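Please examine the sequence and the model below.

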Amino acid sequence: MSSTSELNESTHIEGDESPLLGLLNGFIVELRLAGLPVSLTECLDAMEAVSHIPIEDRDAFKYALGATLVKNHSHWKSFEIVFEVYFSVRGSEYEIQENQLENLTDDELSESELKQGDAPSGGGAMSGLSPEELQEMLFRALLNGDQAMLRLLARQSVIRYAGMEPGRPVGGTYYLYRTLRNLDLDSMLDRLMNESREKALNDLTQLEERLEQDEYKSRIEELKKQIESEIRRSLVADRGVEAMARTLRKPLPEDVDFMHASREEMANLRRSLYPLTRKLAARLARRRKYGRRGPLDFRKTIRHSLSYGGVPAEPKFKYPRPSKPEIMVVADISGSVAAFARFTLHLLYAISSQFSKVRSFVFIDGLDEVTRFLEGVEDIGEAVHRVNTEADVVWVDGHSDYGHAFGVFWEKYGKDIGPKTTVLILGDARNNYHASQSWILKEAKQKARKLYWLNPEPRAYWDTGDSILGEYATHCDGAYEVRNLRQLEAFIEKLV
Amino acid sequence: MLVVISFIEDEALLKDTLIQVDHRFEDVTGVRSGLSDVSYLADDGIAGIVYLADRLAKPVLIEGPAGTGKTQLAKSVAEMSGARLIRLQCYEGLDESKALYEWNYKKQLLRIQAENEIRDWGEIEEDLFSEDFLLSRPLLEAIRAEDPVVLLIDEVDRVEIETEALLLEILSEYQVSIPELGTVEGNQIPLVFLTSNGTRELSEALKRRCLYLYIDYPDLEREREIINAKIPGMDENLADQIARIVRSIRQLDLKKHPSVSETLDWAKTLLLLGVEKIDADVATETVNVLLKYRSDIEKAIKEFADNPDSIQETEEEGAA
């Protein structure tokens, strides 16, 4: 926060405190509260940038702020939301635009009603429409890809279906759900597809059908976005900017908890995983290259002695061929870590595509090697599916039993652990009060190069209930809380 | 408080000392139309940031998937403003002797040997480390150039994080410190573009000094325009169809999505083959121009041949 106060002062130095600077200041504070790292230099840049662009151009204004304040593409979405909320009720220019839109679409509205032939007698006002008519207009607008019309319809549907009441303490998703349920966009898609099938002269080929469908889907997606921002705007008007920004604050992608990630967040996480594993590979490779020095290379030393007149002044050493790091990953995929397990499998896959010598194991109460499912498979979806269906991981009842799983691991694969092997264990150590068999980890640690434990649970929950991480951790080289990408990255940094 | 004041003064000072070039661009629309003259179709965001880069005298860091025209943007800006493009291709192991400057050792050696009478060593040393013996590498060359230049630092994510630090001085102060010679100040502030494919996170220090521009795959409209602009004699309907198919393919879960350049290759292929309308057969036969992995090609072919219902099922499974 200290930098914020500096910022305030810096605006004083620049002289007159214009309302724009104050506004930007507030915006930047809001961005920081949303977790975006905005430095002082960047604030100054932003202030200079907006002085170069026409202030009434909302898009240019947004891009200028974005280019100077947001330096990571995964933060762009958070930035957009803050921008929309923060600047939605400000600026009279924007209001005027809205009115123009209203006028403009009113004309188009009556036109399209004429086309339908059954225009309501109430004139152009949309509130007079029956639900069926609204649905029909939505259908036409989607069919023709009429942007302005869609915007207007989005607003109308929110007014009509969201049932927004001032001061009601529910989130925007509730209103979104209500609106979408009433619009029934799934059957709308079917209708659109039928329409274009009828319109086509011959039968649509598979390819054409697919393309049509994608087109409509993207239009419907656009409509959903319109509705969402419409709801947001009404909420801001109702509750005020600060309160709204607070409720909309979402964790940045690197802070999303693996255990509670939504499907969309999961897809983002997956994408961010690959650079991380590459980093991991690079770190281990560098260590291999520079970390060790071999015995004297006699031949090379003699060769170099020629330049000193036969005196071996500069001893040369052999750099041994770097041995490839061997990694054994043992992952818990039981129900208690289900969401984490999904992520774990992706991590396993990503690691095994970077290293040639990775062996992967999954367990619940039994344990099975899954290397064969992950190696040389190009499609991650298929690999994960095979692991889930084919791996033999249930021994008795399908409740995690670390002790037994480790027992199997030690018995079957323990002999493969060598001084070059790094063992990674992923799990929450919730053992359902079974025997811990922690001696296995002790033995394994002695044989392996390093043994690490990564736990998806917050550190505060460790050793509560049936978690016995503390007992296992004493035998590991380190136990880390890895709940999000940031922590995973920190772990990789530490690894060297 | 003190820090802030000195910072601002520094910047003011910096701007006075450097020879101010006239602004290259009048306004955002000018940038946009200028770029489209050299057949680079920029959207508002791209044109706006190029304009700001000129006004704020700041480098632009461009990120985005491979093949979306990041490098091309720098080239087109150079072409449009009639400036010389100086390019520094980054790779692992790049060092200052390749990026900044190097002493011309051979020439220095010759100079010592040519020296007949014994002179004071200090004098010789002073002689040896003068600008005569300095070899400019791209970065130094860019700021010392007399004519207008655009500096492109390509694939900056390939250098190690330590090497990145080399860039910092030149990117913020437009000067180079050479220990033996002192600080070499620039003759101009060139437009600087850095591109990154995002294989690793760049350092905060570097990002802070740049404007950030993310170029994503173009939307349907823009992709169609690009095809029409880049390939003369392209049928409008075919271009539309190509853009739509490519968009559908990009929605699939593939190892590598088709880039804009691959889209253009595909369009050219179809044009050469004299295709007027793309059907499943044509798509299947030529899709290897668009996609480069066997598994991706198989997936795409399956998508366009099977019926859509079964596809959705497999997607569900994949996500589960």
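Angles between axes of 65 to 115 degrees count as roughly perpendicular. In this predicted model, helix α2 (residues 28–37) of chain B and helix α3 (residues 44–56) of chain B have axes that cross at roughly 115 degrees and come within 8 Å. α2(B) and α3(B) are therefore roughly perpendicular to each other. The crossing in which α2(B) passes α3(B) is right-handed. On the side of α2(B), the contact is formed by Val28(B), Val31(B), Arg32(B) and Leu35(B), and on the side of α3(B) by Ala47(B), Gly48(B), Val50(B) and Tyr51(B). By class, the residues of this contact comprise 6 nonpolar, 1 polar and 1 charged.

In soluble globular proteins, nonpolar side chains tend to be buried together. Here the largest nonpolar core has 121 residues, and Ile49(B), Val60(B), Leu211(B) and Leu213(B) have the most contacts inside it. Helix α11 (residues 206–239) of chain A gives the most to this core, contributing 8 residues. Leaving aside neighbours within four places in sequence, Val60(B) is in contact with Ile49(B), Val50(B), Ala53(B), Phe193(B), Cys210(B), Leu211(B) and Leu213(B). Another core, of 59 residues, lies apart from the largest one and includes Tyr349(A), Val370(A), Val384(A) and Val482(A).

Val482(A) is also one of the residues touched by Leu488(A); the other is Leu276(A), when residues up to four places away in sequence are not counted. Leu488(A) belongs to helix α21 (residues 485–494) of chain A. A residue is buried if 20 or more other C-beta atoms lie within 10 Å of its own; Leu488(A) has 23 such neighbours and therefore counts as buried. Between the C-alpha atoms of Leu488(A) and Lys357(A), which are 131 residues apart along the chain, the separation is 21 Å.

Methods
Residues are numbered from 1 along each chain as its sequence is written. Chains are lettered from A and ligands numbered from 1 in the order in which they are written. This is a predicted model: local features need pLDDT of at least 70, side-chain atom pairs count only at pLDDT 80 or more; totals for chains, interfaces and linings use all residues. Axes are lines fitted to C-alpha atoms, for helices over the stretch in contact, and angles run from 0 to 180 degrees between N-to-C directions. Helices (H or I, at least four residues) and strands (E, at least two) are DSSP runs, numbered from the N terminus. Angles under 35 degrees count as roughly parallel, over 145 as roughly antiparallel, 65 to 115 as roughly perpendicular and the rest as oblique. A crossing is left-handed if the near helix is turned anticlockwise from the far one by less than a right angle, and right-handed if clockwise. Two residues are in contact if their C-beta atoms, placed from the backbone, lie within 7 Å. Ala, Val, Leu, Ile, Met, Phe, Trp, Tyr, Cys and Pro count as nonpolar, Asp, Glu, Lys and Arg as charged, and the others, Gly among them, as polar. A nonpolar core is a set of buried Ala, Val, Leu, Ile, Met, Phe, Trp, Tyr and Cys residues joined through C-beta atoms within 7 Å. A residue is buried if 20 or more other C-beta atoms lie within 10 Å of its own, exposed if 12 or fewer, and partly exposed in between; C-beta atoms are placed from the backbone.
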